[in-house]
Amino acid sequence: MTAVNVPDKPKINYLNCDKTIKSWLLTLDHKRIGIMYLISTLTAFFIGGMLAEVIRTQLLVPKGLIFHATKHMSSFAAYKHYNQVFTLHGIIMVFMVLIPIIVASLGNLVIPLLLGAKDVAFPRLNLMSFYLYVAGAAMAIISTIAGAVDTGWTFYTPFSIQSETYVCWMVGGIVLIGFSSIFTGINFIVTIHKMRPPGMTWFRMPLFLWGIYATSIIQVAATPVIGVTLLLLILERTMHIGFFNAALGGSPVLFQDFFWFYSHPAVYIMILPAMAIISEIVPTFSRKHIFGYEFIAFSSLAIALIGFLVWGHHMFVNGQSAELDTIFSLLTFLVAVPSAVKVFNWLATMYKGAIKLDTPMLYALSFIILFTVGGLTGVVLGCIAEDVVLHDTYFVVGHFHYVMFGGTIIAFLGGLHYWWPKFTGKMYNETMGRITCVLLFIGVNVTFFPQLIVGAEGMPRRYASYLPQYQPYMIASTVGAYIQLVAFLMMAGYLLHSIFRGKKAPDNPWGGATLEWTTASPPSHYNFDDTPLVIEDCYDYSNVKYDESIGGYVRTDVPPKTEPATPPEMTPAHT
Amino acid sequence: MMSIDAFSPMLTQVFAHPLLGSYGLPNSDSTFGPKIQFLWNFWFWVSVFFTVLITGLAVFFSIKYRFRKGVREVADPSADHNTPLEITWSIIPLIIMMVMFALGFKYYMDMEQPPSGCYNIGVLAWKWHWQFTYPDGATTSTLYMPVDTPVKFSMTSKDVLHGFWIPDLSIQRDVIPGRTMTVWVKAIHTGHFKLQCAEYCGDGHSEMLANVEVLPIPEFKKKLAQAADIWVHNGKILPLHVVGKKIAELEGCLGCHSVNGARGTGPTWKNLAGSHVKLASGHTATADYAYLRQAILYPGRKMVAGFSNVMPNYYTDFGGAAHKKHRKLDALIWYINTLSKHASKASRPPVPDHPGKSKASKTTSNSSGKKSAKMGTSAAMANKKLPAAALPMVAVGKKLYASMGCIACHTVNGQAGVGPTWKNLAGYPVKLTNGKTVAADYKFLRFMILYPGKKVVAGFQPIMPSYSSALAGTKNVKKLDSLIWYINSLSDKASASTEPPTK
């Protein structure tokens with residue numbers, strides 16, 4: 001593999017090679033598109049997060065602290081605003097944050113680097129994905145300003161047909177974001193198939209790529225269903241056709257089947273890339289080969305495939321037949337097994353390692369613990385008899401926040417800290433990073449664990465007001481949300497600081513053995529000077545040694561023979 | 001499922017130990033409780049075990065194998081995979097999962113199948129109110145349940161999805177418009193519980209609660225007898241405004257209309273009657289009797305400025321051919337008048353508040369039963385002229401009414417549901433959506449039950465499921481006739497043309 005930066009070359013990288021605004025907006029460079037995705041999804045995350053703080057603040061008192069009856073407004077009219085807030089929180093977090101935040105932003109940044117490639121297979125399609133996402137977000141903003149949707153992110157009929165808010169605009173925006181997701185999926189499938197470097201067989205791929213590959217399959221196969229479903233909803237609202245209207249011979253429940261046929265696999269769009277990040281971080285910081293590579297790779301595919309067949313477990317109490325309940329319950333239990341296998345594999349990777357508890361590793365450990373809680377609470381929900389007493393309660397809210405926040409977001413933050421030096425070229429303050437991670441871990445548990453308890457006691461979800469006996473748990477949960485807010489503000493502080501004042505990052509600060517660490521930080525426009533030749537395992541750390549003089553790791557072995565060196569300008573990625 | 005049966009007593013014993021008792025899930029007062037609790041405990045301890053194991057190992061490895069400069073810079077040599085080990089830790093979770101699946105499945109099957117001989121209660125949900133109908137004709141907004149009796153609920157919704165969720169009785173089921181959803185439960189203790197709407201339904205979702213009272217059977221019967229006749233209390237005829245207040249509670253009016261001047265989803269009723277109302281059209285109207293009547297029967301025709309058109313249509317509850325006198329409407333308007341300082345003769349209904357002072361009531365006898373019969377409100381059988389031979393059929397029809405789920409949509413006391421009430425239906429003229437008015441004779445009733453949706457009564461949606469598989473054909477003719485006999489027994493205009501043929 002190629003050596004570290006040749007010192008006499010000018011330090012031109014993808015960030016400073018062209019500084020015009022146009023060069024950013026019309027870029028075909030996967031790294032720049034990744035950065036734009038990152039900024040967009042983090043902006044959405046900020047808005048969704050602030051909405052979450054509003055929700056938690058509202059629920060401090062049983063009758064609502066922010067939205068409640070006043071002289072000029074009835075309680076119901078006030079609660080409508082609360083409903084709009086939680087609906088927006090859900091829509092933003094699911095469609096604009098959780099789905100693209102790892103695949104589209106971190107994926108774009110690192111997938112070609114992990115492959116030793118110059119770019120993704122279809123750079124223009126990649127840019128189009130990004131602008132579809134932006135257009136979808138713009139429609140969502142228009143809908144919100146005109147009359148914020150109050151249907152819940154699930155858009156259940158017939159409520160979403162009868163709602164007087166701007167459902168069509170919001171739904172149209174989500175359809176566009178769906179296309180963005182499909183195009184990204186196609187792009188990554190082709191990239192992983194066609195652009196692996198010489199020598200990188202399927203089973204020499206970093207596990208991150210396996211995770212992204214499984215995710216992309218779901219994106220391509222499942223997302224069209226939500227597009228069609230939401231278009232049907234638009235037709236229903238505008239032309240009263242009657243797909244979901246009992247009075248016209250349709251069925252309100254049909255919508256739920258369509259919706260979850262996408263939205264359950266979508267959960268795996270969110271969690272598989274998260275697991276994929278953990279599979280990169282744990283071996284690097286344990287300085288030890290990943291344990292059970294093939295089991296982890298195949299479990300990603302197993303989760304992706306079985307994940308298509310469990311959507312009915314969202315509908316155990318809506319009157320679907322007992323036979324269906326049984327089958328969906330069985331498949332749900334089956335899908336839990338490959339997830340458990342991954343957790344054990346990560347632990348076995350740490351066994352007898354030389355573990356460095358840097359920030360990314362702390363996030364990985366947080367992920368393992370939080371995801372365990374999230375997964376186990378999911379198991380009891382998959383159990384039909386138990387679901388009857390937990391369905392649509394805060395237990396469900398607690399469960400999916402453990403998975404989505406404790407899983408996806410925590411893993412994303414791990415990945416962000418892991419690859420931050422690579423794509424910014426700067427190191428963040430490690431101490432601040434560690435403190436923030438611990439604080440966030442505490443915040444997540446204080447927020448979501450009380451929700452599990454109050455849900456088991458019977459409090460339904462999506463309540464703007466609640467019975468007084470639930471208040472202690474609600475207060476605890478709100479305190480947790482404030483702790484998270486502090487942690488995120490700290491994180492924003494030290495990350496921004498690192499961009500402007502941070503120490504320069506070495507090419508390989510953590511000692512990773514995958515290809516992205518063999519190029520410069522930040523990489524040049526073409527990523528690699530030469531196409532790498534992969535002859536060894538990407539989890540073999542025996543030849544990656546720390547070098548005091550650089551402050552980072554270097555390879556001590558003789559770089560393997562490379563392809564005949566052709567200047568990258570001669571084989572451009574973008575023509 | 002023999003293996004589970006053999007397996008579960010052992011597990012039950014283990015998890016019955018006080019130290020392994022219930023954490024998290026509150027005690028349930030229904031027969032489902034112990035099973036759900038047992039399975040919860042099983043899951044709970046499995047989860048605690050794995051959470052402690054995984055967290056413990058993660059922390060232990062992080063400390064024991066931590067990177068130490070000069071001491072431990074590289075990992076110890078160890079295998080990078082071990083297939084038997086990996087298969088083992090795949091199989092063990094798989095076995096635990098299958099045990100939980102099997103137990104969940106088995107218990108769920110018990111919960112799915114209602115035993116025979118259930119007491120039937122109809123549940124009607126709409127934004128944001130619950131209404132309960134009992135086989136004897138009472139309608140209440142508090143759910144009364146007999147203790148130690150299996151109760152089957154037949155449920156439907158007028159508008160959007162709702163969720164019937166009583167945490168203390170461990171039952172939950174979605175309530176879906178256009179479908180009759182059923183769920184059953186047997187409460188083992190008396191007590192006061194809360195029914196909470198679990199499926200998001202809009203502005204008032206979090207306030208869509210109902211009180212649930214599980215009562216000893218005699219007390220339960222007393223409550224129902226009181227609720228059955230809203231016009232009478234302890235044998236005394238109530239003033240109309242008192243009845244109006246009951247109606248306001250029963251119909252859920254007070255969810256949107258306050259009586260203390262607070263702004264609601266709809267205009268407050270305080271000082272409404274007789275006042276000047278600003279309309280969205282820019283005009284000003286006086287809230288007199290005619291205005292109030294129209295506002296209730298045809299909401300949306302004249303919108304009050306500053307409110308949106310969200311009031312459900314109450315036409316069928318107060319209008320309709322069987323209620324020409326609109327006594328319920330008058331009662332409600334009397335109640336609204338008592339809340340207003342502007343109330344005047346023009347805003348009050350033309351009938352007196354206290355029936356005792358009216359001429360009509362003086363001419364009736366003192367028996368409250370007869371009075372109610374005259375008012376056409378009693379839930380008791382209105383038709384005394386049925387042939388004696390028909391009485392067993394009526395009894396069968398009444399049972400079918402409750403057990404087949406008719407009770408979810410059709411009341412027998414004049415209260416409107418999702419479908420027309422059966423009170424005073426047979427023999428009365430019925431207006432259809434195609435503009436025709438037809439007499440509800442035997443043929444018509446038969447047709448409407450077997451082919452719902454072909455003809456639809458004005459003011460209702462064509463959402464009744466077909467019962468032809470259960471009721472059509474010669475072998476089912478007795479069932480069908482029994483139902484129609486029962487409908488006849490509820491009408492004071494039943495005649496030979498409305499009764500099933502006897503030969």
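A residue counts as buried when its relative accessible area is under 20%. The model examined here is predicted. By that cut-off A:Tyr37 is buried, because its relative accessible area is 0%. The residue lies in helix H2 of chain A, which covers residues 30–58. A:Tyr268 is 231 residues from A:Tyr37 along the chain, and the two C-alpha atoms are separated by 20 Å.

Chain A also contains cis peptide bonds. One runs from A:Thr157 to A:Pro158, with omega near 0 degrees. A:Pro158 sits in the loop that links helix H4 (123–147) to helix H5 (159–162) of chain A. Another joins A:Ser521 and A:Pro522, and its omega is about -10 degrees. The loop holding A:Pro522 runs between strand E2 (503–504) and strand E3 (544–547) of chain A.

The interface between the chains was examined next. Chain A and chain B bury about 7,700 Å² between them. Of this area, 68% is on carbon and sulfur atoms. The contact draws 93 residues from chain A and 90 residues from chain B. Between the two chains, 24 residue pairs are in polar contact, both residues being at pLDDT 80 or more. The count of salt bridges between chain A and chain B is 2. A salt bridge links the side chains of A:Glu548 and B:Lys69, at 3.2 Å from N to O.

Several helices of chain A build its side of the contact. Helix H3 (75–114), H5, helix H8 (252–286), helix H10 (322–350), helix H11 (359–382) and helix H12 (384–390) of chain A each supply at least two residues that touch chain B. The largest share comes from H10(A), with 17 residues. By residue class, the side of chain A that touches chain B divides into 53 nonpolar, 24 polar and 16 charged residues.

In chain B, helix H11 spans residues 391–403 and has 13 residues. From first C-alpha to last, H11(B) reaches 19 Å, close to the 18 Å expected at 1.5 Å a residue. Its buried residues are B:Val394, B:Gly397, B:Leu400, B:Tyr401 and B:Ala402. After H11(B) comes B:Gly405, whose phi is positive, near 95 degrees.

Positive phi values also occur in chain B in residues other than glycine. B:Asn424 has phi near 50 degrees. This residue is found in the loop between H11 and strand E15 (429–431) of chain B. B:Asn424 is buried, because its relative accessible area is 7%. B:Asn271 has a positive phi as well, near 55 degrees. The residue lies in the loop between helix H5 (240–250) and strand E13 (276–278) of chain B. With a relative accessible area of 21%, B:Asn271 is partly exposed.

Technical notes: Residues are numbered from 1 along each chain as its sequence is written. Chains are lettered from A and ligands numbered from 1 in the order in which they are written. This is a predicted model: local features need pLDDT of at least 70, side-chain atom pairs count only at pLDDT 80 or more; totals for chains, interfaces and linings use all residues. Side-chain values use heavy atoms; hydrogens and water are left out. Helices (H or I, at least four residues) and strands (E, at least two) are DSSP runs, numbered from the N terminus. The expected span of a helix is 1.5 Å times one less than its number of residues. Buried means under 20% relative accessible area, exposed over 50%, partly exposed in between (1.4 Å probe, protein chains only). Contact means heavy atoms within 4.5 Å. Buried area is the accessible area (1.4 Å probe) that two parts lose on being put together, summed over both. A salt bridge is a side-chain nitrogen of Lys or Arg within 4 Å of a carboxyl oxygen of Asp or Glu. A polar contact is a pair of N or O atoms within 3.5 Å; within protein, one must be able to donate a hydrogen and the other to accept it, and residues adjacent in sequence count only if both atoms are side-chain atoms. Ala, Val, Leu, Ile, Met, Phe, Trp, Tyr, Cys and Pro count as nonpolar, Asp, Glu, Lys and Arg as charged, and the others, Gly among them, as polar.
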